[in-house]
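User: I have a structure open and would like to go through the terms used for it. Could you take me through them one by one?

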Amino acid sequence: MSDERYISEIEDRLREAGAPPTPPAHLHAIARAEALGPPDVVNIRSVVRPSSRVGRLVLAAAVLTASAAAALVIGVGGSSFHVDRSVNLQGAGRVASASAVVDIGSSGGPVRDVQMHVSGLPPAPKGGYYELWMQDGSSEPTGLVAFDTSGSGSVVANTTIPRDMPWTKCWVTLERADGSRTTVLTLA
């Protein structure tokens, strides 16, 4: 008897027998326990569990103090951004009181970090946004970063530029949803 024929006969007999009956409900728990084994019990005891409100506040203050100290030690929140050049931009038209400082970082590799601090610029209209541009002489302008301001009119926008990117002009435009563009910040 060949293997294929033998397998076919077994399949036929299994189909004739039908599905096995459902085991009784009380056997489910027994089968589960046998399959998974005895449960592991881990007793967790709190070493410090202040019961008073003052105790909880002292514990919270200790945790915050330790976190702040650790952050200072490892340098969390620090910055390796070293400014090579700063460019001041002044508002134009309806936003004459707005201003920005564009800090261009030192080149430590193929790119330079750029950080722009904007203040006094109202949020862009619905569907619009602001964009920082740079241009060298008669070359095509390069859009560097799109951003919007908060309700306070300020934002810090970060981007990068190629290390050797030449430029002589820098400005910010308001890009509207209809495709129109207005210059809002120019070199001071």
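User: What makes a residue part of the lining of the largest pocket, and which lie nearest its centre?

Analyst: In this predicted model, a pocket is an open set of points on a 1 Å grid over the protein atoms alone, where a 1.4 Å probe fits, with protein on both sides within 12 Å along at least five of seven lines; a lining residue has an atom within 4 Å of a point. The largest pocket has 13 such residues, and Arg94, Val95, Leu174, Arg176 and Val184 lie nearest its centre. Its space is about 170 Å³, a volume being what is filled by probe spheres set on the points.

User: Which strand gives the most to that lining?

Analyst: Strand β8, residues 181–187, with three residues. Strands here are DSSP runs of E, at least two residues, numbered from the N terminus.

User: Why is serine 154 called partly exposed?

Analyst: Its relative accessibility is 31%. Buried means under 20% relative accessible area and exposed over 50%, with partly exposed in between (1.4 Å probe, protein chains only), so serine 154 counts as partly exposed.

User: Where does serine 154 lie, and what does it touch?

Analyst: Serine 154 is in the loop between β5 (142–147) and β6 (155–162). Not counting residues up to four places away in sequence, serine 154 touches Val118, Ser119 and Thr149, where contact means heavy atoms within 4.5 Å.

User: How do you know that serine 154 and serine 152 make a polar contact?

Analyst: Their side chains are joined at 3.0 Å. A polar contact needs a pair of N or O atoms within 3.5 Å, one able to donate a hydrogen and the other to accept it, so the pair at 3.0 Å counts.

User: What makes the largest nonpolar core a core, and which residues have the most contacts inside it?

Analyst: A nonpolar core is a set of buried Ala, Val, Leu, Ile, Met, Phe, Trp, Tyr and Cys residues joined through side-chain atoms within 4.5 Å. The largest has 27 residues, and Leu89, Val102, Met116, Leu121, Leu132, Phe147 and Val172 have the most contacts inside it. Among the elements giving two or more residues to this core are β1 (83–91), β4 (129–135) and β7 (169–175). Phenylalanine 147 is in contact with residues including Met116, Leu121, Leu132 and Val172.

User: How are the values set up?

Analyst: Residues are numbered from 1 along each chain as its sequence is written, and side-chain values use heavy atoms, with hydrogens and water left out. Local features need pLDDT of at least 70 and side-chain atom pairs count only at pLDDT 80 or more, while totals for chains, interfaces and linings use all residues.

Conventions: Helices (H or I, at least four residues) and strands (E, at least two) are DSSP runs, numbered from the N terminus.
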